Amino acid sequence: MPKIAIDGIDFDAPEGWTILDTARFLGLEIPTLCYDEGLSAWGGCRLCLVEIGTGEQSELVTSCTYPVEEGLIVRTATKRVIDARKMVLELLIAQCPASKVLQDMAAKIGLDRVRFKPKREDCVYCGLCVRMCEEQMMAKAIGFVNRGNKLKITTPFDITSEECRRCGACMYICPTCTLRCEGPEAENVLCGRCYNELQPTCLDVYEDYACWMGLKGNCGTCVKEETEKKKED
Amino acid sequence: MKPEDAKSIVKSTLDGGIVDDLVYKEDGNSFIHLSEIPFYRKQMRILSGKNPLVDPVNVEDYIALGGYKALVRALQKSPEEIIGEIKTSGLRGRGGAGFPTGRKWEITRAQKGKVKYMLCNADEGDPGAYMDRSLLEGNPHSVIEGMIIGAYAIGAGEGWVYVRNEYPLAVKHVTIAIEQARKLGLLGENILGSGFNFDIKIARGAGAFVCGEETALIASVEGKRGIPRQRPPFPAAYGLFAKPTNINNVETLANVPIIIEKGADWFAHIGTEKSKGTKIFSLVGKVRNTGLVEVPMGMTVGEVVFDIGGALDGKRMKAVQIGGPSGGCIPRELFHLPVDYESLTGAGVIMGSGGMIVMDENTCMVDIAKYFTNFLQEESCGKCSICREGTQRMYEILTGVTEGRGTEEGLTLLEELGGIIKDASMCGLGQTAPNPVISTLRYFRDEYTAHIKEKRCPAGVCKTFIQYMIDLEKCTGCELCRKNCPQEAVEGERKKPHSIMQDKCIKCGICYDVCEFDAVVKITGGKNAKNSN
Ligand SMILES: Cc1cc2nc3c(=O)[nH]c(=O)nc-3n(C[C@H](O)[C@H](O)[C@H](O)COP(=O)(O)O)c2cc1C
Ligand code: SF4
Ligand code: SF4
Ligand code: FES
């Protein structure tokens, strides 16, 4: 078992654990967005950054991907870490201010300003849905398309995929689809730390669908299911 | 030279003379030998010098020049000895990061497991760079030989050359070279009777810049989406198809046979203490001679730019952009810096794969930073939030500066953002993406400030800040500008001074270019722009 020192705690970490596993085991809090226990680590959101090593040699690494190794020295909350995390979150909130998950995290880590113009997009490209679909639902119905500023997540060729069983797992795991924060549109896109008291919008229309898309039955998925159900009846 | 000249050339060759009229001339001097021409005089073409001598599709040419001799020699030694030699030579990766090649081979060799792979990185995604291409097209066997020696050293049985599909001639020449090598028993089973087996395949890339990054390249060869993954584990431990994998750049590999043949000490003699051998650069921009130049490491930037490139008349060079899109700009004051990994990194630029763009006073440094940042925001794979969003926001701020919406706070934010993108990104793309911005802010902050405070673009490039006007005293009324203006924004009668209707003008600059009397002037911030095309 590799001996590591994490925030000053000496610990024999089991082989194969990541820094994040170890931190969670010890009750040290590290924010994460693109990580989910049931899925492979992705390392994309960069919120789980921690600093390893000391002095000149120290560097930032993503704790969700970094395996523990003998002699590793980890600090989970240095100024360098906090500054980087805040900047990442500032960028993500500016991209997608309606995500309650992000807003809550901002409140927690004390992000108090957003200096970028809000884009008000619907996706932060955390890739959770893609991995969920592939690794847990075994469907591979959605994936990333393009790169850089044209990146998006969609079905192949943007058409409804045969592979998609409409299980909704992608929406279940999405940090921006679920729990949309429609709080005050302040100049500052931070929501003001309210509790989200919104109701799922589709519940009003179809009792069975706790969907938060705000589209009230117009997005198509449930309507289709509904008609199929009717046919069966 | 024209076909008609052939007669006199043959005649004087037979007579043992030269045709004076056809000899290369520069500044009134004639040069008979290639090595005397200023462009070549300071170069040291140990890699690229063979290109003109071999027919790339003819392995006999390569062998006649001593090709594959190094392989024969290498196979008589142990892999450890080869690794030792490469380590002694001090060869470092030419793909950008400058990792010691011998050390990389040693690490890969030390991995457990029988199956290992050797990859050659010929992605060359930097726009305007074509060093690797010239080697693959012009002398493919030198790269193949280097690959075989490397594979022998690390114990790999299979290799891939990852080359972009936009290089059809390189693909063709490498394919032919591999077939020829196979026929001669230089690839395949039991190479040259040594008992060592190794074969090479070609993988073609679709041209994304990020696919040159090693983990993305591996994903691409595996047939997956070409995006990087977080290291560790490094490819040496967990690479292609989860096996230990070594990746080297084309130019790195082409150096290998030379080191084995001429000796590690000979090689270590060239260059500086920490950067050995030569480096090929693609020299372009505001210099007289452009093209690929190969120089010993440690030559100063100034020597490359002035002595090899040569200054253009009447223009003052301002900066050199080194290292490809994510490199940086160094100002003229630092032209005394030697070209080696440490000096360049210290100055905030990178060696990269070896792009060098010379700029003069007509180049706006903010515009340059914006140009490269735009490239990077499009080429970021988008996996890391900080690289994807960060490059887009840097581009947004820079666009603001060039369009008159810049603020001092914006510059502070640029610096802060740049620092964190470097620090927190997953792969080398993000880690170097802020270089164009940070280096121009560091050395040319006055240009940023001029845009923000004085609403002026000193180089006269950013359209928001310039105005074209006609100097009434110089204008002869020739009507040339009026006829050429696509917007019909110029008015005036023949033989009388013309003028530009500012509300119609789209600042395309055509009038400025066509006027034969220098009567069209470019104004920025109430002053004449330095620019004088
Ligand atoms: C965004 C990015 C693009 C790269 N492109 C190339 C490339 O086109 N060619 C190359 O040889 N190395 C490229 N590299 C460097 C490779 O990741 C790797 O370090 C190199 O191929 C290793 O070979 P070397 O040790 O011989 O330099 C790139 C790296 C990054 C981060
Ligand atoms: S749709 Fe949601 S889960 Fe999928 S990548 Fe975007 S933010 Fe993540
Ligand atoms: S740094 Fe940029 S290019 Fe590299 S993995 Fe992250 S998003 Fe992709
Ligand atoms: S949680 Fe580790 S990078 Fe997203």
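The legends below describe close-up views of a predicted model.

**View 1. The two domains of chain A.**
Chain A is split into domain 1, residues 1–77, and domain 2, residues 128–173. The C-alpha centres of domain 1 and domain 2 of chain A are 29 Å apart. Where the two touch, domain 1 of chain A contributes nine residues and domain 2 of chain A contributes seven residues. About 630 Å² is buried between domain 1 and domain 2 of chain A, and 57% of this lies on carbon and sulfur atoms. Of the area that domain 1 of chain A buries against domain 2, 68% comes from L39(A), S40(A) and W42(A), more than from any other three residues. The side of domain 1 of chain A that touches domain 2 is made up of six nonpolar residues, two polar residues and one charged residue. Between domain 1 and domain 2 of chain A there are zero salt bridges. Four residue pairs are in polar contact across this interface, counting pairs with both residues at pLDDT 80 or more.

**View 2. The interface of chain A and chain B.**
This contact takes in 34 residues of chain A and 30 residues of chain B. Chain A and chain B bury about 2,700 Å² between them, with 55% of the area on carbon and sulfur atoms. Across the interface of chain A and chain B, 19 residue pairs are in polar contact, again with both residues at pLDDT 80 or more. On the chain A side, β4 (59–62) and α2 (79–95) each supply at least two residues. Helix α2(A) gives the most to the side of chain A that touches chain B, namely nine residues. By class, that side of chain A has 17 nonpolar, eight polar and nine charged residues.

**View 3. A salt bridge between the chains.**
How many salt bridges are there between chain A and chain B? The count between chain A and chain B is four. In one salt bridge, R80(A) pairs with D423(B), and their closest N and O atoms are 2.7 Å apart. Side chains of opposite charge can pair when their charged atoms come close.

**View 4. A salt bridge within one helix of chain B.**
Over all chains, the structure holds 41 salt bridges. A salt bridge also joins E106(B) to R103(B), with 3.0 Å between the closest N and O atoms. Both E106(B) and R103(B) belong to helix α6 of chain B, residues 101–110. E106(B) and R103(B) are three residues apart, which is about one turn of the helix.

**View 5. The surroundings of ligand 1.**
Ligand 1 has 18 residues around it, and G95(B), K104(B), E124(B), N249(B) and T252(B) come nearest. A backbone N or O atom of G95(B) is 2.7 Å from an oxygen atom of ligand 1. For E124(B), a backbone N or O atom is 2.9 Å from an oxygen atom of ligand 1. A polar backbone atom of G212(B) lies 3.3 Å from a nitrogen atom of ligand 1.

The residues around ligand 2 include C123(A), C126(A), C129(A) and C174(A). Others around ligand 2 include V124(A), Y125(A), I153(A) and P175(A). The shell around ligand 2 has nine nonpolar residues, two polar residues and no charged residues.

Which of the 13 residues around ligand 3 come nearest? They are C381(B), K383(B), C384(B), C387(B) and C427(B). The shell around ligand 3 divides into eight nonpolar residues, four polar residues and one charged residue.

**View 6. Two cis peptide bonds in chain B.**
Most peptide bonds are trans. The bond from R231(B) to P232(B) is cis, with omega near -5°. The bond from P232(B) to P233(B) is also cis, with omega near 0°. P232(B) sits in the loop between α10 (214–221) and β6 (245–249) of chain B. P233(B) is likewise in the loop between α10 and β6 of chain B.

**View 7. A positive phi in chain A.**
Most residues other than glycine have a negative phi. For R166(A), a residue other than glycine, phi is positive, near 55°. R166(A) is found in the loop between β7 (152–154) and α5 (169–173) of chain A.

Definitions and conventions: Residues numbered from 1 in each chain as written. Chains lettered and ligands numbered in written order. Predicted model: local features only at pLDDT ≥ 70, side-chain atom pairs only at ≥ 80, totals over all residues. Heavy atoms only, no water. Domains from an automatic or database assignment. Contact = heavy atoms within 4.5 Å. Buried area = accessible area lost by both parts, 1.4 Å probe. Salt bridge = Lys/Arg side-chain N within 4 Å of Asp/Glu carboxyl O. Polar contact = N/O pair within 3.5 Å; in protein donor to acceptor, adjacent residues only side chain to side chain. Nonpolar A, V, L, I, M, F, W, Y, C, P; charged D, E, K, R; others polar. Near = heavy atom within 4 Å. Helix = DSSP H or I, 4+ residues; strand = E, 2+ residues; numbered from the N terminus.
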